[in-house]
Amino acid sequence: MPRLPPALLRQAHSISPQLHALLPACRDLQSARSELRWIREHALSSSSGAGQPSNRHGNAAVARLVARRARGEPLQYVLGSQPFGALDLRCRPGVLIPRPETEAYVVHLASLLLRARKALGAAAADGRPLRVVDVCTGSGCIALLLYQLLHRGFPGAGSLRVLGLDVAPEAVALARENLERNVRRGALPATALEGGDVRFAQADLFSDGEWNSAVGQRGGEIAGVDVLVSNPPYISTQGFDRDTGRSVRNFEPRLALVPGAGLSQGTACAPEDVFYARLLKVSRVLRPRVMLFEVGDMEQARRVAQMATGLEQSEQWHVEIWRDDPDLDGNDGLREEVLNGRRIPVRGSGHGRSVFVHRVPELVT
Ligand SMILES: C[S@@+](CC[C@H](N)C(=O)[O-])C[C@H]1O[C@@H](n2cnc3c(N)ncnc32)[C@H](O)[C@@H]1O
């Protein structure tokens, strides 16, 4: 990381010592100014909410928050929240911060599902709901945004059921808090909570027992699945040490980013791909019609797409790679990959971000 010019540091100090303190974490004056403004607004709203709007309390709170941010703690943990689509999500150390790239492909997935809603059973005479499972749910961002974007297309309590699963109890607790918070704010309809349309549960994807009791056929919350989504841990140990920023390494949970040691033992895949192998394995039992998995880059996207071409009855499955912003046609690089003799469309522009697998003809664009 390049050093900051002393003249810039002096300029920041002459405006405010707090701006100077924020500059190394923010890297430029414009960002430091914006962050200081958000920190002040946050401190003001928190202290007035607590009924103690005195200047002294407000200033002490700003100083504490600035000091945390200056140590490199992500702004979302310092402020305690992050917008995600129309939602406002609580963020806490111990649970991954939702990323804008994730929001972009979730919005695109929802628009495709809405376009194919008839084929997906929105008007099904048997009243069967569309069942969505989000594995590795973290803050609940994917599960909650999908419900928010889809519920009008699948109207009525019980027509859309979303289940978010995570091995970490702190993630499940935060996801539930985010559900309640967004229903309270009016960003999600009451059916999400009272009707039990959105639920979160603790389950380890690699434990057959926990997995079956969460989503299994016998007494589980969702018997079978239509849409299986996941943003799993997908970074290798070396990638974590070499490529992630200091603030990610020091403050975000490693469990959310790097697959646990030993999970890939006895499998043919790279350690960082082990969650995809497991997700595709459980898909044989759950029989989803649509799957979407976030990946780290184009190389991993190719490996995961290749795994998906090996699914049973592979001719029924349509596989695509999505770069960032899959709804925008970019002109960087190939528009198609050939893997296992199959032509795999590549959509969007920028980094390889997700792999989309489905067997719904109406979803082919
Ligand atoms: C990359 S984060 C994704 C969080 C959230 N879905 C998002 O997009 O921000 C991965 C999540 O997987 C969870 N996780 C790790 N190992 C798991 C396992 N064996 N079974 C289920 N969840 C797991 C972590 O606790 C973490 O919340």
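Mentor: A polar contact is a pair of N or O atoms within 3.5 Å. This is a predicted model, in which local features need pLDDT of at least 70 and side-chain atom pairs count only at pLDDT 80 or more, while totals for chains, interfaces and linings use all residues. Residues are numbered from 1 along each chain as its sequence is written, and side-chain values use heavy atoms, with hydrogens and water left out.

Trainee: Which polar side-chain atom lies 2.8 Å from a nitrogen atom of the ligand?

Mentor: That atom belongs to Asp204. A ligand nitrogen is also 3.2 Å from a polar backbone atom of Val167, and a ligand oxygen is 2.8 Å from an N or O atom in the side chain of Asn231.

Trainee: How much of the accessible area of the ligand does the protein cover?

Mentor: Taken on its own, the ligand has 600 Å² of accessible area (by the Shrake-Rupley method with a 1.4 Å probe), and the protein covers 95% of it.

Technical notes
Polar contact = N/O pair within 3.5 Å; in protein donor to acceptor, adjacent residues only side chain to side chain.
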